[in-house]
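Good morning, everyone, and thank you for coming.

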Amino acid sequence: MAPVEEPVVIPSTLVGKRALLGVTGSIAAFKAAGWVREMITESVDVTVLMTGTAERFVSSLTFGALSGNPVFRDMFDEEPDKLMAHINLSRSADFILIGPATAQTIARLAHGMADDLLSTVVLAAKIPVIVCPAMNSHMLTNPVTQDNIKRLQDVGYHVVSPDCGMLACGEEGSGRLPDWQHVREAILSILCPQDLAGKKVVITAGPTREPLDPARYLSNRSSGKMGYALARTAARRGAEVILVSGPVALAPPHFVTTLSVTTAHEMREQVLAQAKQADIVVKAAAVADFKPKSYHTQKIKKSSAQQRIELELNPDILAELGEKSKSGSLLVGFAAESQNHEQEGRRKLQQKQADLIVVNDILGESTGFDVDTNQVTLVDKKGSQQLQLLTKTETANRIWDHILTL
Ligand code: CTP
């Protein structure tokens, strides 16, 4: 009998992961304490290893108290549960995160030195190692440091580029330790299969706004959460992602190029330009179907209010892409429905010449606007499939799984 293939697990969160956090001697060590807090909040079991110089910046007590685990510092610790720590620690962890990583630690790792606990643990590890350099920008751009970083990347370590901004030394430049959300995204993408690598994906999200006068516009209740989840998960799975977003209250996803637009016409312009080189276009945006026929440059006064606002149709971007899609990109649309879900999904699949329509129930309490969960039906040329009620991130991953089968 052929072996049963295990389904590929796509992590949507870090819940339940076991992390080793290596903290080295940089002023940014205090930020690593914040990372521990964030990890604990997400139920990550984190064990901290500190170099001797790290302890000059932050006490091991801080990391012990925050993580709830003993802190490891010494190669030659004789406490029974710390014996052979250099071999045992990485055996029970999912990844090693080193941040802040000083130029010194990076040089040590790049040259396979094993002269302290952290470098020895890393050398003996068989799990992903993620290095977050943080230092003065001249130290960072020094060809010696750059060579060492490249060496780490060449042998398979993952390096998260530092942020730019004001450094502790008072200079402006690159070298700041990134914030936790950025690092978390990098870790998730390292733990995810890279099955969208090499694909360029264009995703639209959010509502559009159609102005009536300087104070008013026509729009809808889309929060953009589904489209943003699709962008985040595609980036984690290795795609190059362009997100064309209407006005939303969400932070731009990490490792995604976000282009902000307001009206349907602006969205059309960006999407048509970006779609030319795209392998996959996903239209999750709730484009306003209509816009006021004329824009009033002055605020319409109550006293002079017209009884009617004349509307005109906006361009249907998905349908336009469908006509052009002979160009080769795979086309995915959404359908926001309050009834006849599958029937409407199939009608839109045909009318807009899409390859897949994701039907959304906008009346459900856990599937409507602005919630974090969704239950969608996938309608394609071969049939339809209703997914379970899932978080929007999990739903996004299931949509990508399905797209990959098309
Ligand atoms: N869409 C689009 N441009 C529009 C309207 C919709 O690109 N002017 C896209 C949406 O991004 C979505 C799909 O078409 O991917 C379906 O949108 P939906 O609002 O559900 O359907 P409509 O075309 O507006 O049809 P109806 O009003 O009949 O529901």
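Let me begin with the shell around the ligand, whose residues divide into 8 nonpolar, 1 polar and 6 charged, where Ala, Val, Leu, Ile, Met, Phe, Trp, Tyr, Cys and Pro count as nonpolar, Asp, Glu, Lys and Arg as charged, and the others, Gly among them, as polar. Please keep in mind that this is a predicted model, in which local features need pLDDT of at least 70 and side-chain atom pairs count only at pLDDT 80 or more, while totals for chains, interfaces and linings use all residues. Residues are numbered from 1 along each chain as its sequence is written, and side-chain values use heavy atoms, with hydrogens and water left out.

Which residues come nearest to the ligand? Of the 15 around it, they are Lys283, Ala285, Phe334, Lys348 and Lys352, and a residue counts as near if one of its heavy atoms lies within 4 Å of the molecule.

A nitrogen atom of the ligand, in turn, is 2.9 Å from a polar backbone atom of proline 315.

The elements that give two or more residues to this shell are α11 (317–324), β16 (330–337) and α12 (341–351), and β16 gives the most, with 4 residues; helices here are DSSP runs of H or I with at least four residues, and strands are runs of E with at least two, numbered from the N terminus.

A cis peptide bond, with omega about -5°, joins glycine 99 and proline 100, and proline 100 belongs to strand β3 (residues 95–101). Phenylalanine 255, a residue other than glycine, has a positive phi near 60°, and it is found in the loop between β11 (240–245) and β12 (257–260).

Technical notes
A polar contact is a pair of N or O atoms within 3.5 Å; within protein, one must be able to donate a hydrogen and the other to accept it, and residues adjacent in sequence count only if both atoms are side-chain atoms.
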